[in-house]
Amino acid sequence: MKATVFEEFGGPEVLRAGEVPEPHPGPGQVRIAVRAAGVNPMDWKIRHGWMEQMMHTSFPAVPGVEAAGVVDEVGEGVTDFAVGDEVVGWATGAYAQYALMTNAVPKPAGLGWQEAVAVPVAGETARHVLELLGVTSGDTLVVLGAAGAVGSVAVQLAVALGATVVGTASPANHDFVRELGATPVAYGEGQVDRIRAAAPSQIVDAVFDTAGKGDLPDAIDLRGGTTDRVVTIADMDAEKLGVTFSAGGAPQEEQRAHLAANLALAAEGGLRLRVARTFGLDGAADAQRESEAGHARGKLVIVP
């Protein structure tokens, strides 16, 4: 089958389009014909070799942990899905014509493939961090990187909880962030003052860093010098600064419940999902390069 492959760790240039054997589902798995695969920071962290302590990579490797597609093979013991079902969820080797899934839910009929694949990782990450932060109605939340895939979902979920949200973004993305329900401010030098000026009574109750651009000292400053209610998903300096780094989520059953709820919300129009760009299997290097640069407005998607 056609897939994106890499055979050594390195930069995006190690990715190439190639042919690999088709996978087949084991017990508890389904195989899908991939209609869309999400591009996530996890993909290029694995490609760099940064995740080896947590998960071993066997070469040749096919990237991709998030997919939407049509079930075409069912493994032993699977009773929730049948051939022909449209599903969305977490996958292995998603940058390919076929991928295996063990954690999925049905795709709502009214939601497109590319929009659906924007939900699993970003939605679960956003929900999990908002729970870690204890965001509730009346809070003022700062989202660093509010125009990205995770940040844009976090803004909307926090607004739905009744929070006031201030989001950093480049000026070109301010209208987008404003449409999501947040007050946009420019990131970079002087952002602490700009954020405080935008926050009601200049008080910040919690900070969610999705960008990993070295802004944790500013986040701590915004919280009055404390690391309480500051969480990052992207800054590797978190531990030495005493900030919580969120690298995981809930158990699979809870993840599926969250995903189903987020997909339903998206299908009803209550969760806006913006696809920034789509790429073919031969464009995966460009997709990961853009993801790593951190300037995408919404979700980057591979379409096999």
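A cavity is a set of grid points where a 1.4 Å probe fits but cannot get out. In this predicted model, a search of the whole structure finds one cavity of 30 Å³ or more. The volume of the largest cavity is about 70 Å³.

**The largest cavity**
- Its lining consists of Ala118, Ala122, Ala149, Ser152, Val153, Arg272, Leu273, Arg274, Gly298 and Lys299.
- Helix α4 (residues 149-160) is the element that gives the most to this lining, with three residues.
- Sorted by class, the lining of the largest cavity holds five nonpolar, two polar and three charged residues.

**The second largest pocket**
- The second largest pocket holds about 210 Å³ of space.
- Among the residues that line this pocket are Gly28, Val30, Asp80, Phe81, Met101, Asn103 and Arg256.
- Strand β6 (residues 98-106) gives the most to the lining of the second largest pocket, namely four residues.
- The classes in this lining are five nonpolar, five polar and two charged residues.

**Helix α10**
- Within helix α10 (residues 284-293), the residues Ala284, Ala285, Ala287, Gln288 and Ser291 are buried.
- In general, an α-helix has 3.6 residues a turn, so residues three or four places apart point the same way.
- The elements covering the buried residues of α10 include β1 (2-5), α1 (41-48), β13 (275-279) and β14 (299-302).
- Gly294 follows α10 and has a positive phi, near 80 degrees.

Note on methods. Residues are numbered from 1 along each chain as its sequence is written. This is a predicted model: local features need pLDDT of at least 70, side-chain atom pairs count only at pLDDT 80 or more; totals for chains, interfaces and linings use all residues. Side-chain values use heavy atoms; hydrogens and water are left out. Buried means under 20% relative accessible area, exposed over 50%, partly exposed in between (1.4 Å probe, protein chains only). Helices (H or I, at least four residues) and strands (E, at least two) are DSSP runs, numbered from the N terminus. Contact means heavy atoms within 4.5 Å. On a 1 Å grid over the protein atoms alone, a cavity is a set of points where a 1.4 Å probe fits but cannot get out, and a pocket is an open set with protein on both sides within 12 Å along at least five of seven lines; lining residues have an atom within 4 Å of a point. Grid points are joined across faces, edges and corners, and a volume is the space filled by probe spheres set on the points. Ala, Val, Leu, Ile, Met, Phe, Trp, Tyr, Cys and Pro count as nonpolar, Asp, Glu, Lys and Arg as charged, and the others, Gly among them, as polar.
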